[in-house]
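Good morning, everyone, and thank you for making the time.

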Amino acid sequence: MVTTGRRREDREPGKHSRVCSCHFREGKKSNGPEIFKRNQDKLFPAEEAKPKKKKIESQQTLQEMIEAARKKEELEQGTSGSVERLESTRKEVILEAELEQAKREMIDQREKNYYVQKHYTVSKMSEEVLKMETGLPTKEVFQIVVNYAARFKQSINYFAGWRVQSISFEEQIFITLMKVRQNYTNLHLAQLFNCSVSTIANIVTTFIHVLHSILFIDLMASIPSRDKNKLCAPSSFSQFGSCRVVIDCTDIEIATPGLMSQQNATYSNYRGMHSFKVIVGVAPNGVITYVSKLYPGSISDKAIVQKSGFLNHLTAGDMVLADKGFVIQDLVPNGVSVNIPPFLNNGTFTESEARATKVIAKCRIHVERANARLKDFKILSFIPSYLRCHADIIFQLCASLVNLQFPLIKEGCEGYEFD
């Protein structure tokens, strides 16, 4: 069959494809098809042989090398061979094995040094940079967290189902703290630590739960008693000796939910955004001692107190300091008092009401300062939809990390230096 000189784009031959007669010398089928010179390098490229996979040689231990040499010597000399010669052979093998082991250690150390030079690591980081990236005040505090978490290293189940081996345990905790503090994208973290985005996602999701378990659930499960609070209460709480906790609500913005019912529940008219709402409680010395679960932003302060289980921590004789929105006197257990600023009547405060407002505000400012520290963790600036299911754990983890920072109230910490 003879076709016109029309050229078409290269394509895979099909069942009914035919070769043009111009590819046959003198147009005879018996001469066999030929390839034009212009297409010689483009069509049907020669397949290069695939490189053979290199076998990974198993590294022998010192004892294995000695045993191998002993067996070889026995085979060569027989059981009646010279004992002295056999002993000298063993010494030579030991020296060779020690030399080989030293070479391996040098190679490992060289690889570690190369990793430190080329990657973002804690070991070569200044304390100021570590504080900026993680929110922790010193390297010593960071190492305490790492060492504490390392106790449970073998029992950690990774979120994606596979363990991360290419990054050290310390670096994995560092990556998680960077994500929480600075809210870097997974792609950015993957570039810094020379790994894949899926590896970063696996690390972050896993260690957010790990750190939450050891720092929040283990250490912040209960509210300290008022007797413990008296031991470290600042002078501003002299009029509130029975104060157990100072509470306030705060909001974090979230991505707009897809369902209309959820949009209605999460939209806060007060904040003008879709949000989650949470109760934060601090002790008189400024330490965060209570963090509730997150609730839809439209919920009232009174309703969140009732649903969160906060009241179960209170006992008779306790006092709760709160804002005006917490009208919960009818909810607290018997013997528990709620101290809130007085409401404005007739347009002006009396002298005693103004004094009471000032005293309560002076004590309540510490919970607002604690909330401000929480908002320094940029992951709380906006919760995307894919992190919504982990929002409770993320917020509570941030609260536990705030408690690892230098104290909010310096009173009672004379003799210590804080930057």
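Predicted model: local features only at pLDDT ≥ 70, side-chain atom pairs only at ≥ 80, totals over all residues.

I will start with the overall picture and then turn to some of the helices.

The protein has twelve helices and seven strands, and of its 419 residues 39% count as buried. The exposed surface comes to about 26400 Å², with carbon and sulfur atoms supplying 52% of that area. If we take the contacts between residues at least 6 apart in sequence, 60% of them join residues at least 24 apart.

Let me move to helix 3, residues 127-134, where Leu130, Glu133 and Thr134 are buried. Viewed down the axis of helix 3, these buried residues fall within an arc of 80 degrees, and so they line one face of the helix. The partners against which they pack are helix 4, residues 139-150, and helix 5. Just after helix 3 comes Gly135, which takes a positive phi of about 85 degrees.

Helix 5, residues 169-182, also meets helix 7, residues 197-217: their axes come within 9 Å and cross at roughly 85 degrees. Because angles of 65 to 115 degrees count as roughly perpendicular, helix 5 is roughly perpendicular to helix 7. On the side of helix 5, the contact is made by Phe169, Gln172, Ile173, Ile175, Thr176, Leu177, Lys179 and Val180, while helix 7 contributes Ile200, Ile203, Val204, Phe207, Ile208 and Leu211.

How values were computed: Residues numbered from 1 in each chain as written. Heavy atoms only, no water. Axes fitted to C-alpha atoms, helices over the stretch in contact; angles between N-to-C directions. Helix = DSSP H or I, 4+ residues; strand = E, 2+ residues; numbered from the N terminus. Parallel < 35°, antiparallel > 145°, perpendicular 65-115°, else oblique. Contact = heavy atoms within 4.5 Å. Buried < 20%, exposed > 50% of the residue type's maximum accessible area, 1.4 Å probe, protein only. Areas by Shrake-Rupley, 256 points an atom, 1.4 Å probe, with all protein chains shown as cover. Arc of directions from axis to C-beta.
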